[in-house]
Every structure is written in structure tokens, then in C-alpha cells.
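Student: I am new to this structure. Please take one part of the model and go through it closely.

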Amino acid sequence: MRNRFAGRGSKAGARSTTPVAATLAMVGRARAIAVRSPAILTRMATLVAPTAATCASTATILALSAAILTGPAPLNGQVPTPTAHFGFDIGTAGRLANWDDLTAYYEALARTSDRVAVDTLGPTTMGRPFVMLTITSPANHARLTELHAVQRRLSDPRTISTGDDLEALLDEGRTVVMITHAIHSTEVGSAQAAAKLAHHMASSTDERVQEILDNVILLQIPSLNPDGTQWVNDFYNEYAGTEYDGRSPPWLYHFYVGHDNNRDWYTFYQKETQHTVRAQNDWHPQIVHDIHQMGGSGARIFFPPYIDPIEPNVDPGLVSAVNQLGAYMAAELTSQGKRGVVINAIYDGFHPGRAYMHYHGGARILSETASAQLATTVLVPREVVQGGREYDASQAAWNFPWPWEGGEWGLPDIVEYQFSGAMALLVNAAKNRRFWLENFYRVNERAVEGWDSWPAAWVIPAGQENVVGVQSLLRTLTMGDVEVRRAGEAFAAAGVTYPAGSHVVLMRQPYAAFAQTLLTVQEYPDLREYPGGPPKRPYDVTAHTLPLLMGVEAHALDAAPEVALSDPIEDQSVDYSLPDELTGPDAARVGMYKGYQEPMIAGWTRWMLDQHGMRYDSLHDARIRQGGLGADYDVLIFQSQSDRSISQGNAPGSLPDRYTGGIGEEGRAAVREFVESGGRLIVMEEAAEFAIGLFGLDVANPVDGLDNTEFYVPGSILRVDLESDPVTAGYDGSTEAWYWRSSRGFAVGDDRVEVLGRYSPDDPVVAGWVLGRERLAGQGALLRARIGRGEVILFGFQPNYRGQSIVTWPLFFNAISGGRLIG
């Protein structure tokens, strides 16, 4: 497949040229130069300037960033309690500290405690400071450069030559733990618990805390999404005690991706992910604890072990370490009298989008605490506490020994459970320091020795036409700390001649597992609830093969190529680009629907358009209802969203009036008039039903309503055969495409509708897990409907899956630029 949208445009990962980003990149780490590795300083300088309009002025950002560049300093006063700082006990029902207040508190801790340092790692998507606390003993702070060097050597066994050398490093090193909070902003307890934990570690004289400080270096990221922490908490505080008490804001709580921000941990598209991963790559923590919340009707808190399947490239030493640590945390909370602790349930260990450290020598510990109604206490009747995945919340079992029997549940409970879980983890990390360091080393040692199931090398051939796809794949690998080398001359391997400049990943390296899981084709196991029964639902998706998603050739070799290779290349950037017909003065005028139930995939699409520098307007319900759309726009885009959601939106009375209602009948009429008068409407997945109903198309979904024993695709890569058409220009007859829960096939019985693409009639499955593939084979996947003077393009698959399906971006851009019809 040739991607003709290559060669010009903005660069993801390129050095920022904006004053805010550049200053934050320099100043944000300036305080730490004497005690931090220069590696992270270099990486911080490559931050990308926000493409979204910032919500704070440059002066405000610089002032706040400068304010929190403090610590560790000698004690110069009493460490402030959360109560003294915020005016209420942290975790008080109905009270939430926002990001502005929280960052001010971390500044105060760093000023008054010689255990705490605070760094700004860079700006968030909307320009707020993204901070990390380093908490350890004053003695460790004084030796931080030395301890960092020890950790770096243990992370790469190739730097350790003798057993005595290893023993010395194991004696000297500290367990490095990263605790991350509040990636999902409506899971409000986590950001509050961060302040409680930080204060406790900064001030407590408890013997357990001292043991932790002596043996652990804690890297605490108190919010992985500061923008959302500010928005959600401000919205809650504004409406607390009113009829809208406990309601979430009616917009994505990450500007682009909402809840999907923790599925970005191998493509690193969002700024917050980049900051965190660069800090992880700098320190290579042995343990990363990710604090979440879940639904409120079952267990009170989850810890690992995870349920099957575990992704096959996760080292067995990590799987066992995760199991013992999660079980220890559960036992510790149960011993404290906390009921409702479950392990080995609900969450599997398959998808790497949520488990970056599993491919970098570290144990990823997920905790999920039961939610309330944001910070508002709820009453959960005993009869509601039932069900679950791999457990029954109403019944005691080996993995759920002490059920919670219902009652009141609120923010104080959430914060207490999360704080206690974090403390249990830190106690384990301190008491078992030697185990964690040696296990970390052995995991990396096995990677350097190579696994029998891995190839000797991967090759990404030079000269591929899909430049954006190749650059994106190389960017993911290099940002993921994978060593990628360049061949200086052409070479032959396994009967194929590769041109000079081809990229080679030699698989005997510390983080080869990360390369392997992303480059190889996934074959997800056929797991059933019982023999012959319904499928066991994966927690996320079942395929993540980046060469397929990005439209790139990558070849596995059984033997390392015999050719001179460069040193590992630096982190790569992506040169996004669009042709003049999409960016020039004659480009189509584009409007994209953005209601108050905006789906995450629509935010991902805004992100993709912004990376390419493409002009578009976000159209809210009122603008659609206003009509006259053809005067301002040539193309309207509706991402995957149900007809009901588009047309009706939030119910009256559920939120303030300005956030309720959809486009309504006036908006439907306006869209109909727009198309009939010559406009182009592009609809994806669920939004296809909106267009089908609007224009009375005789198009049906042949897999709609099928039982999951008959048809089930929980996120897989399929093959689509394409007809020759301007929309399919640049393809050689077929493409891979992303199919998941909202995707569909099309059975067409309407003369106005052309089929531009079909799911392959032989076998459409390329990677992942599909039941009932024959139900979809040969069905329509991409349609054009001629309506009056205009047209509708209907995608049955997702052309922009989480920014990864670059292979189908040209179809989307072709649909936009396929000729202006209004005239």
C-alpha cells in the first residue's frame, strides 16, 4: 500500500520551538542537573508543543512551573498537613482538591521536607505542569546520581562483566518504585490519595516509613492527566450539593483521548504518556503501581494476579513477581480488616497498551478500587453486590475470601483503600529490596541471552512508500528503548535482498520483548466460559501488530544478518503531511461533529487531524441545528456514535440545559439538506446507522443481533478487498483494517449505494480473535451512497483506531478530498 500523504508537515517528537514548551523542557529539569542523569534532560528537550489551544497563559505556566521546581531542601519548618493546606481532610466526602491546589501542596512538601523533590517533566496537552515527586531518605537523595547509575547498569546486563561486580551493584542499589495516579480523571480518589501518600512519606516517623525511605526510591506521579484532574474536580465542586451533584463533565476528560489515555503506552502519542515513559526509561523502575477505580457494585479493591491470558512475551519472572506482590498487598489489606479484596479476577495481562513496564523489566501492579459517585457517597444495597468476572462478589472464594456486604461507600473509603494498598506495596519493595533488584537483573539477562521463541532479528526494509507508517513504527520502537540499527549497505537474508538503510532490531537486548510483542502477529487463544459456551471477554482488544496496523513491512530472521550495522539510532520523529488539496486554499471546508457525548474515537480523530495541521471546525449541537451548513462546509464528519446519541444527546435534567439534547430533528433536517444540496457526509461504524436512517437507505448490518457464540470480534485486524475508486486510490486491491465492538458489515439492497470495499470473502482474519468469521466474509465494509447532489461515505471498520491504523488513514483522507461537490 502506498501512502501518498508523506513527505511534508508537522513532526511528532521533533524539538519544540514554542516558548512555553521549550522553557519548560529546559527549566523543568534545571534544578536536578546536579543529581539527575543527563539522559532524561536530552529526552525532555524533544517535547512536542501542544496542538490544542492552551487554557493558561504562557506567563501563568512559567510562573507555576518555576514555583514547583523545589526540593529536596533542609527542613525549614513543619511539613504542612493536607488539612492545613487544603482546609479539609484529604478524602473528605464531597470535597475535591484540584490540580492547582495539589501542585501548590507538593511545592510546600518539597520546601519543608528533605525527603521530597519535585520536578516538572513538561507541559500537559493543555499547558499545565506535569510533575513527578522523588521521595527517599536524605542520604539517598545525596547519592542519587550514584544510585541512578547502579540502576542503569542493572537494567543492561551487558554492562556487568563479573559476578563480584553484580554483587556490589545488588548490595548498593535501591528498589525503584513508580506510583502513578489519576490517569482516569473521574476516578477521583487516586489524585486525592496521592497527596495523602506524599504527606505520609514526607513527614512520618513510623519505622516502616523509615525502612521504605532507606531502601526505596519512590517516583510518584500524582496525576497522569492533570488537565482532567482540574476539569473534573472543578466541575464536581461547582455542582456539589445541587441537582447535578456527582455528575461527570460532558466532555472528554483528556482533551483528545478521554479514557483511552491508558491505551497509549506503546505508541506514546499523548504528551502525558511521553513524559511518563521518558521518566521510566531514565530510571527503569522495578515496580510500577498504577492506581485506578472500577465499578461500585462488586469487590472493593482488585490486585493481581491477573487472569489469563498473559501476553506471551512477558517474562515468567515478572509474572511470578506480580503474583506474589499483588497477593501480599491483598493479604495486608485483609489483615487490616478491609473487606472485599479480590485477586485473580476481572483484569487480564494480554494487551501491552496498559503494561509498558512488563516489557522493560518491571512489575506492573494494577489496583482498582470500587467507585462512588465521584466524591459523593453512595448506598450500595446488599442484594446489588453480586456477580463478577472470575469471581462472585456475593460469595467467598480462595481469591475473594471476605466479601463486602454492601452499605455506604464514599471517597473516604476509596482513599483509605488506595493509600493502604500503596503502603503495602512500598513495604514489600523495601523488605525485599534484594529480590526486586536481582529479579529485575535476571529478567533483563534472559532478554539479552534471547528467548527460543524469538527470532534472531527483525528487519524493516528501506525504501517503503508508506513513509509515515515506517517513521511511526521506528518512533514507537526507539521511544520504547529498543535498540534499532541501520544497515550501511545492502544485504541478503533468508533469500531476500534488503537495501542499504534498512533498519535492524537485533533481539539479544534488554527490551527485545517490547519489539517482539509489537512486531509479531497475535493469535489470541479461544477461551470460553465453559466448553462450547460463550467466549470469555478480553479486558481490552486481541491484536496490536503494528506493521499490519501501520502498513509497514517487517520481517523476522532466524539468524542475525551478516552486515555492518550502525550504533543504535536516536529516537525518531514522524513527518506528518498532507497534499495541497487537503491543506491549501482550495481544500475542502471540513466540519466535525462534537456533541456533549463525544466518543473517545472522535477525540483520536481530532488528534490525528491536528498532527497533520489540517483545518477543521468542531461543530456542537447548536451549530448543526442552526442549519445552512453548506454555506460554511463541504464535508461533515461523524465518528462512531449511535443515532440516538447524535440525535438526542444527554437527557433533559441530567445536566445543565446547555449540555443536554443532541442535534434534534432540526439538526437531522439540516444534515439531510446539506447532503442533498451537494455536501459530503462521512460516517464511521455506529454513525452509519444515523445516515442509514436519515436517508432511508436499504443497508443492513448482517452481524447485528447475533449471539456472541455465533459472531464475536473483540478488537482484531481484518483484511478488506477494495474496488478501484478515488476513495481507494493508492491501494493495490486490499488493505488491513481494524474491526472491534462498534464495527459492522453492510448488506446492500439499494441502487443508490456502491460497495467500495468488502471483508475478504476467503478469510478476512489477519490477527487477533474472531468467532464466526464466515458471517462477515464477503460483506460490505466501505460504501458510497449517492443522495441528491451529494454523497455519503460509510465506513464499517474504524479508519483511525487509537491513532495506530495508519494503513487506513489514506482512505479517510481520500474520502475528504475526493472532489468538492457543492457548486
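Tutor: Val 590 stands opposite Val 635, a residue of β23. The model is predicted, so local features need pLDDT of at least 70 and side-chain atom pairs count only at pLDDT 80 or more, while totals for chains, interfaces and linings use all residues. Residues are numbered from 1 along each chain as its sequence is written, and side-chain values use heavy atoms, with hydrogens and water left out.

Strand β23 covers residues 635-638; a strand is a DSSP run (E, at least two residues), numbered from the N terminus. Val 590 belongs to the pairing of β21 (residues 590-593) with β23, which is parallel and has 3 bridges. Two strands pair if DSSP finds at least two bridges between them. β23 also pairs with β24 (residues 680-684), again in the parallel sense, over 4 bridges. There, Phe 638 has Val 683 of β24 as its bridge partner.

In a regular strand, side chains alternate between the two faces of the sheet. On one side of β23 are Val 635 and Ile 637, on the other Leu 636 and Phe 638, and all are buried (under 20% relative accessible area, 1.4 Å probe, protein chains only).

Strand β5 (residues 216-221) can be read in this way too. Because 6 of its 6 residues are buried, β5 is largely enclosed by the rest of the structure. Val 216, Leu 218 and Gln 220 cover one side, and Ile 217, Leu 219 and Ile 221 the other. β4 (residues 175-181) runs parallel to β5, with 6 bridges; Thr 180 has Ile 221 as its partner. β3 (residues 129-135) runs antiparallel to β5, with 3 bridges, and Ile 135 is partnered by Leu 218.

Conventions
Buried < 20%, exposed > 50% of the residue type's maximum accessible area, 1.4 Å probe, protein only.
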